[in-house]
Amino acid sequence: MPESLAAAVAPLALVTGGAGFIGRELVRQLLAAGWRVRVLDNFATGSRVALAAVVANAAAEGNAGASASAGTSAGMSAGTSGLEPFELLEGDVRDAACAARACAGADTVFHLACLGLRHSLHSPLENHEVNATGSLVLACAARAAGVRRFVHVSSSEVYGSATRVPMTEDHPCAPSTVYGAGKLAGEALVRALHASAGLPAVIVRPFNAYGPGAHHEGDCGEVIPKFMLRALAGRPLVVFGDGTQTRDFTFVADTARALVAAATAEDSAVLGQTIHLGCGREVAIGELARRIQALVGATSGGIEHDAARPGDVRRLCADAGRARALLGWQPSVGLDEGLARLLAWYRGQPQSAEQLLAAERTRNWVVEAPARAGGPVPATAPPIPLARPLVDDREADAVRRVIRSGWLTQGPEVERFEREFAQAVGAEHAVAVSSGTAALHLALLTAGVGPGDEVITASHSFIATANAVRYCGAVPVFVDIEPDTFNLAPALVAAAVTPRTRAILAVHQMGLPCDLAALVPLARRHGLALIEDAACAIGSEILLEGRWRRIGAPHGDIACFSLHPRKVLTTGDGGMVTTARGDWAARLRRLRQHGMDVPAHERHGAGRIVFERYVEPGFNYRLTDVQAAIGRVQLERLPGIVAARRALAARYEAGLAAIDGLIAPREPAWARSNWQSYCVRLAPHLAQREVMAHLLERGIATRRGVMCAHREAAYTQAPASWRCAGCHGGAAATGAAVAAAVAAVTRADACERTGQSCHHLRVSEAAQDQSIWIPLSPQMGAADQERVIEALRAVVGEMSGRAERAEGTAGAAGAGRPEVIEAADAAEGATS
């Protein structure tokens, strides 16, 4: 490290994609050299477990404190002192705000985050957005933060096939894949910022890196680990094409060492330069397969040839002379030694080659067929579902592990899941239950809600919200929502408080946090329990007291989550309750298992005879260990899932902006949604059912806007079971007015109900009738999303034109943006 970096406080390096293969080795070397390291990763491809191991090992070797810091996934909302050896930020490089936070205070940025070659074949638009646009977003953030060095890590894929070898940095670039083109575009953008805005950038082009920890499966799978694992398992080594294509393989430790050298070299030597990182030796893929089989001593399997891969590069071989001259770098590990090290590493792993291969998830070089914009799609185009849970072999492996353990019902796996869930949301206590509905029921009981009490909540929510209040013998008091957020209007909540009010049940609708900054002090002022229905809100954040905080701490008294497959995180079904109160957590645990005073797994694991007691009537609301095992894997995926959903939502907002007749949802400045659902509002002239039917014809699933409980038969046929805020004046009144307001509660005509409608819940009803959910899942590719946008454009355009022709007034006022009921109208419920 040069003297300029040898300061009293070690320099801070930001490593994007630091949980990936090269990124982890770079993190290891930086920590060993005394740097402070911040990793930005969404874990779409990187490994959280492997990164944690790297940091823990660094701590054990002398970097005090790094292990403790790595053990807590603080997320983008957490602040640090800036002096910790390691910090993990979870987010996406396409998110400008996230990139700005990541670059803040950094001395050097190492930009490795990308989506790989295979990914570009089945999701080319998303691949380009990450590799090109994401690079520009990060580079702009780095320049604004005043970083000293921006090391942009590109790829040899920018060249396509070599026309001459060895390849110098001025070799013509003719990429043959979207991945290569996207990496070249990212380079060009960074280079342009260097030339026009003074970004202190150096571009490095690693050739094929390999070594311990290399990706062997999924979109990131590389040829060397695939060959070695298959050879160890006695399976055939699959060579695409004739095997004469060549690569230049570089050991990962050498690649990372060169990146550090690029960061610490003098400005005059490297700024604005493009530098190769390679060994300068060509190795044919067929020859590589034979060498690996010989090294492993494989006596079975052989070599099989498959069809050539689309866009496959025929020849690569680097001239690394510039790296030697400018960085003083040359590779120190030859291919034979590197392969031997990798083999020793695999043989030392707890999982066998067969087990690792069983976890493979691969599309095997399948190119996605393009969708046709507008109009009904071809019959061969698969339908686009409204949502899909993101589960695969990792969850299946976790379930198999639990099944083999012999403990299937609530036990040690649930306890671990609770601990990890609490850590993820910043809660003191987390209690797992059988469903989100069970979570709400137990939360209300624990908060003291009972027969005759009132609970202020939203009708505009899944019916479980209101039902849970009725399970307690209490009365749900419905107040209207804000038209922009679809969440409770705090002013109406305040007006609805009466002497009978025991709790406020606030819904974070569709993952968007409600206005806790207004509701928390309101609840405290009146001595009410504030329960957060956070069924959809895992991973969402809210700005409170100047800091971003995750939903679920909780910020009221209790938060309740659903783990249904439609939610962001799933266990198949299930729920979670979080609280800061230990006595409440203890009671929640008793109530979920029949009122029993000791958990079954503690009783069975005790070294003495233990007789349980049943201290109060309880319920069978337990979660199984099978479900908890799924949930633990899902928690590892959560940052990547949320980042993907946010990126999809941003793309929807941009794509839908120009469609007259639609209003896309928006976040308040103080909230960050996880975008559990994406709900668009329709202009009055667009019939909700007709829009949904036309989209279904085009293979696009939708769902009506969030239901209103007061319009369902369970409530219309039991008019005394609920009230609205218009039934009384609330706690704002005093003296005789209070008595009159309470008496008015019993009047059947007090809230102006007509059939399935309530005058005081007009915004809620309009939200149900004039909005639809459109598809959003983390697996959605850009092509599917564009198909949804184009279908909406076509359907809305056709229906709007028909409405204009029927009225005979093209472009009439009613055919533009949808009308919404303003908050002033909604406030009528407080004064009626």
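Helices (H or I, at least four residues) and strands (E, at least two) are DSSP runs, numbered from the N terminus. With that in hand, welcome to this chain, a predicted model in which local features need pLDDT of at least 70 and side-chain atom pairs count only at pLDDT 80 or more, while totals for chains, interfaces and linings use all residues. Residues are numbered from 1 along each chain as its sequence is written, and side-chain values use heavy atoms, leaving out hydrogens and water.

## The chain as a whole

The chain holds 30 helices and 30 strands. Of its 832 residues, 57% are buried; buried means under 20% relative accessible area, exposed over 50%, and partly exposed in between (1.4 Å probe, protein chains only). The chain exposes about 32000 Å², and carbon and sulfur atoms supply 53% of that area. Such areas come from the Shrake-Rupley method with a 1.4 Å probe, and for residues only the protein chains shown count as cover.

## A sheet of eight strands

Strands of a sheet pair through backbone hydrogen bonds, either parallel or antiparallel. Here, two strands pair if DSSP finds at least two bridges between them. Eight strands form an open sheet with mixed pairing, in the order β14-β22-β21-β18-β17-β15-β16-β27. Its edge strands are β14 (429-433) and β27 (723-724), each pairing on one side only.

Helix α16 (residues 412-425) packs on the sheet and touches β14, β21 and β22 (575-579), its direction making about 130 degrees with that of β14. Helix α21 (residues 582-592) also packs on the sheet, touching β14, β21 and β22, but its direction makes about 15 degrees with that of β14. Contact means heavy atoms within 4.5 Å; axes are lines fitted to C-alpha atoms, for helices over the stretch in contact, and angles run from 0 to 180 degrees between N-to-C directions.

Now look at strand β18 (residues 529-533), where five of five residues are buried. A529, I531 and D533 point one way, whereas L530 and E532 point the other way. Strand β17 (residues 501-507) runs parallel to β18 and is joined to it by five bridges, with A503 as the bridge partner of A529.

Most residues other than glycine have a negative phi, and most peptide bonds are trans. The table shows places that depart from this.

| Site | Backbone value | Location |
|---|---|---|
| V165 to P166 | cis, omega about -10 degrees | P166: loop between β5 (149-153) and α7 (178-197) |
| A553 to P554 | cis, omega near -10 degrees | P554: loop between β20 (547-550) and β21 |
| F486 | positive phi, about 65 degrees | loop between β16 and α19 (490-496) |
| E545 | positive phi, about 50 degrees | loop between β19 (541-544) and β20 |

Is F486 buried or exposed? F486 counts as buried because its relative accessibility is 9%. E545, by contrast, is exposed, with a relative accessible area of 76%.

## A buried glutamine

Q785 sits in helix α28 (residues 782-807). Q785 counts as buried because its relative accessibility is 0%. Leaving aside neighbours within four places in sequence, Q785 is in contact with L648, R651, Y652 and M780.
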